[in-house]
Amino acid sequence: MANIELKNVTKSFGKKKALNDISLQVHDKEFFVLFGPAGAGKTTILKTIAGIELPEKGLVKFDGEIVNLVEPAQRNVSMVFENYALYPHITAYDNIASPMRSPLYKKDEDYIKDRVMKVAALMKIDHLMDRLPARMSNGQRQRVALGRCLVREPKVFLMDEPLAHLDAKLRHFMRAELKEMQANFNTTTIYVTHDYMEALSLGDRIAVINNGQIEQLGTGDEMYYTPVNEFVARLFGEPEINIIDAEFVLDGGNKGVRLLNQIKSFDIPEDVYDALVATGKTQFHIGLRAIDLSYSFERQTEHDIHGQVYSIEPIGNKAVLNVDVNDSILRTVSPPDLNAEMDSDIFVSINMKNAMFFDAESHELVVRHNQAQYTKAVK
Amino acid sequence: MAKLILKNVFKRYDDRKKGKGGKVADNFAVNDLTITCSDGEFVGILGPSGCGKTTTLRMVAGLEEITAGEIYIDDTLINHLHPKDRGIGLAFEDYALYPPLTVYDNIAFNLRAKKMSEADIKKEVMRIAPLMKVEELLDMKPAALSGGQKQRVNITRALVRRPKLLLLDEPLSHLDGKMRQILRTELKRLHKEVGCTTIIVTHDQLEAMSLADKICIMKDGLLQQFGTPYEVYDDPVNVFVAGFIGEPPMNLNKVTITEEDNILYFSFPESSVKIAVPPKYTKVLKTGMHVTLGIRPNDLLIADDGSPVKIAVFENLGDEKRIGIRIGEEYLTLITSDETLYKQGDVIRLKVREDKTHIFDIETGDKIRA
Amino acid sequence: MFSENQSLLSRLIQNLLLIIYSIFALFPLFWMALITFKSDLQMFNTTFFFTPTLENYKAVLIGTDYIKTFIDNVIVSGGAVLVSVLAGVPAAYALARFNFKYKEDLAFTILSFKFAPEILVILPLFMIYQKLHLYDTYLGLIWVYQLITMPLLIWVVRGYFEDISVEVEQAAELDGYPWYSVFWKILLPLIKPGLVASALLAFIFAWNSFTFSLQLSGFNIQTVTVASLRYIASDTVHYGQMAVAATIAALPEVILALLIQKHLVRGLSFGAVKG
């Protein structure tokens, strides 16, 4: 149970700056997710909190106290490593029992047995207790590693991509299990992942990390509905969000945005219009999620965008339909058994309610409809 | 551009156990496989690791001996043909690009071995390169390429020989999410443009579903089902296929058939939750039977006239919401685009899409048809 | 089936070849052991059939101070390996885990000691040893033997350390173990195969060493290798006695090698457990 804070932390490995002036605060008992692409610095943040890495600049605080010079063992944290880091020469039981046999956290064997078997039952690995790590599957090892982390009650749980090396089916189940367990965790948890579904599902708050810096920090809704820039917008959602040029049109009484090769521009809501006018610019980028695009094989209105079918990729209960418009690809969804000829004509229409507008140069979010509803995006 | 037929193909590895003096192992890596791939088709061989898919591909390529059965390419029996005489293009998992050669030279390598003139080679390379979008890479060396680029070059190299068959072994497995998506789209388009009969081996059902015209699903050397993506998705022939295809996986739960007021129900053990049996199954089901009920997460609906259940897990994933429900020992997942933000512990009413229920025999796993 | 018959024949040939090679390899040892029981008189006029005698053993073991020599060998070889382990394991750890300037140059330098023929450095060493009063001392020999025992040990153990992902140590740290417990409880069990194998191999190399002990020790300390020279007298060679000296000298390493055969191959193939 602890409040963890990083203040202006900078960490370099040789010439490379892994963390660049990072500041964040994790509240007591919060499930905090560090999300971003590979190499962004998420694991480094975790290791800095654990004390395994030392920052060149900045402070690490537990409950307000500076712990920069406190040894990892003394910080009272538990960690699941991405590659599990199980002790190869001892059984699953001994691996999970290990934290409670150390000089610092020593407990008697009866207590240990009780706790280990409880955690093993939770992880559904009670039948594997006598096995060595080499004789277990990836999924089993992952659960032993998680068990070793959860068996104590430290100040904070640190989890580094615990589901990364599992096949899709197992990942689906383990994520749901984790979520169920989450409700009973009485401990601050910091969780690293590059899978946006894990981030949205498990995190109370999410910090998007890129190149050693925080792009955005907030709730899942804030990330999804009001991403602070195009980079964050692209990270959430499957298929990936469409980001294309949009021209803000003011001619005559026609207030709207024109996209690609439209005959007639789209109308936009008042609040969006006001915000766009205020910038004084006319060229923007518009972000449109696949589910906000609809298609038809005949032109329905003058708003429709005319393109050609580029490809159809069925993915189970739906298909990703890629439409080629003047060499830009628009992604939308369709039923999985859609039969359309490649390069045949197709018309795309857009629901502007959820459209996001980004500055064409800085790529930052300018406005979206009803922005206040999703609370202001905080950096 | 050719037809591929596998007829009763078997593969067994000789496994000499020490001290037993030459006893051969009994298990077949590939067990009585028969499939037909039409001219120009994109076929995916899909299954978990160890199911025999790579072994099958290697037998088609000529890298493994065929223990029994026949393989035909366009009515020619190829069992004893040397790989280079089979007219196939291989792009295998480990890229194996020659490091000291440029991309152009890598692609041209095979053609030079055939003593083609440099002018002809250039023509062929420039014909294929734009299709895989590798023209900018032609002067670079493999070490300077990213994983995705290497893979594209690999496939270009296989295609430049105008093979009758293109064989791809897990071509996207070493690439990260975004690159995979991009290359998947490119591969699909490439196939449509080049029209070459292609066989892809993968353990990723998403890859097979999005790329293949037909999917051959294998497990432990045996063919499970051979059909279009939609067929294997919508009408899986057994529990294995049902649980393997689709993300999130199909809900497969043990239920008992009970009767109340002359109506049959799927009843979940250790709970009062029951779902009405669709009329089409009334002839094949009897009270007291135990079956496995299969329903896809998006075929479970929240409806006012459904059975009440308690939410165990609620996931807000932006594009969709996922709800996990515990019924006794069983766990079900449901996907909805309903905007309501539920919480753990809330009660919702559950209904199933009648025409999308699947029943499987609890022992054999085979589908029970209406 | 045809294929099975084929393998049966090839297996027969394989076994035959192996038997022939075994005879070729083991015969000298067998012969040497045999002649320890032959008197000088019967040395040249008999082959396998003779009257065995223990006079050679008596002459060597009781007549000379061979036993002391044997013990000297144990002290020097064993001591050298002990020092190598105590200094080499931490060195291997440092090379595996830390990054410092000229690290690989240093590692290669250490390995290069094994490449250099001992005879190259023997003369300067002799002079230095005289000056430092290390000539003919246990310390002197143990120290110079490091050139033989340490490189292999460091090289093999370094590989083992590199195979243990650093996260395993970090996990132990976070579990609450101090650094020495991490070493003793986690690292040591994992490097044991490599450590044991290379230590034993180092022992065998040290045991067999000739040049260093020839030049750098005199009357006080004589290793068995040097001692064997004694049996080449000015007028005749007492083959029987020399054979005794050689056989007894060879015994420890043969026994050791037989005992740790399995571990030797496994341990030297850098096959440390993957976390």
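**Entry 1: helix α4 of chain C**

I began with helix α4 of chain C, residues 103-115, which has 13 residues and reaches 19 Å from its first C-alpha to its last. At 1.5 Å a residue I expected 18 Å, and the span is close to that. I note here that the model is a predicted one. I then looked up how well the helix is covered: α4(C) is hardly covered, with a count of one buried residue among its 13.

**Entry 2: helix α5 of chain A**

I ran the length check on helix α5 of chain A, residues 168-182. Its 15 residues should span 21 Å at 1.5 Å a residue, and the end C-alpha atoms are 21 Å apart, so the two agree. Which residues of α5(A) are buried? I found A:R171, A:R175, A:A176, A:L178 and A:K179. They lie on the same side of α5(A), because they cover an arc of only 160° around the axis.

Next I asked what the buried residues of α5(A) pack against. In chain A the partner is α6 (196-202). In chain B the partners are β15 (300-316) and β16 (321-327).

**Entry 3: chain A against chain B**

I have 29 residues of chain A in contact with 27 residues of chain B. On the side of chain A that touches chain B, the elements giving two or more residues are α5, α6, α7 and β16 (305-314) of chain A. Which element gives the largest share of that side? It is α5(A), with six residues. Sorted by class, the side of chain A that touches chain B holds 14 nonpolar, eight polar and seven charged residues.

**Entry 4: the domains of chain A**

Chain A is divided into domain 1, residues 4-230, and domain 2, residues 235-374. I have 38 Å between the C-alpha centres of domain 1 and domain 2 of chain A. Their contact takes 13 residues from domain 1 of chain A and 12 residues from domain 2 of chain A.

I looked at the domain 1 side of this contact by element. In chain A, α6 and α7 (220-225) each supply at least two residues of the side of domain 1 that touches domain 2. The most comes from α7(A), which gives five residues to that side. By class, I find eight nonpolar, two polar and three charged residues on the side of domain 1 of chain A that touches domain 2 of chain A.

**Entry 5: chain A overall**

For chain A I list nine helices and 21 strands. Its C-alpha atoms fill a box of roughly 80 × 45 × 40 Å along the principal axes. Chain A has 379 residues, and 46% of them count as buried. I also took the contacts in chain A between residues at least 6 apart in sequence: 66% of these join residues at least 24 apart.

In soluble globular proteins, nonpolar side chains tend to be buried together. The largest nonpolar core has 245 residues, and the members touching the most others are A:L158, A:F357 and C:V157. Helix α6 of chain C, residues 138-163, gives the largest share of this core, 14 residues. A second, separate core has 11 residues, including C:Y66, C:V224, C:A227 and C:A249.

What does A:L158 touch, leaving out residues up to four places away in sequence? I list A:L46, A:I49, A:A50, A:V77, A:S78, A:M79 and A:I190.

Methods:
Residues are numbered from 1 along each chain as its sequence is written. Chains are lettered from A and ligands numbered from 1 in the order in which they are written. This is a predicted model: local features need pLDDT of at least 70, side-chain atom pairs count only at pLDDT 80 or more; totals for chains, interfaces and linings use all residues. Helices (H or I, at least four residues) and strands (E, at least two) are DSSP runs, numbered from the N terminus. The expected span of a helix is 1.5 Å times one less than its number of residues. A residue is buried if 20 or more other C-beta atoms lie within 10 Å of its own, exposed if 12 or fewer, and partly exposed in between; C-beta atoms are placed from the backbone. The arc is that of the directions from the helix axis to the C-beta atoms. Two residues are in contact if their C-beta atoms, placed from the backbone, lie within 7 Å. Domain bounds come from an automatic or database domain assignment. Ala, Val, Leu, Ile, Met, Phe, Trp, Tyr, Cys and Pro count as nonpolar, Asp, Glu, Lys and Arg as charged, and the others, Gly among them, as polar. A nonpolar core is a set of buried Ala, Val, Leu, Ile, Met, Phe, Trp, Tyr and Cys residues joined through C-beta atoms within 7 Å.
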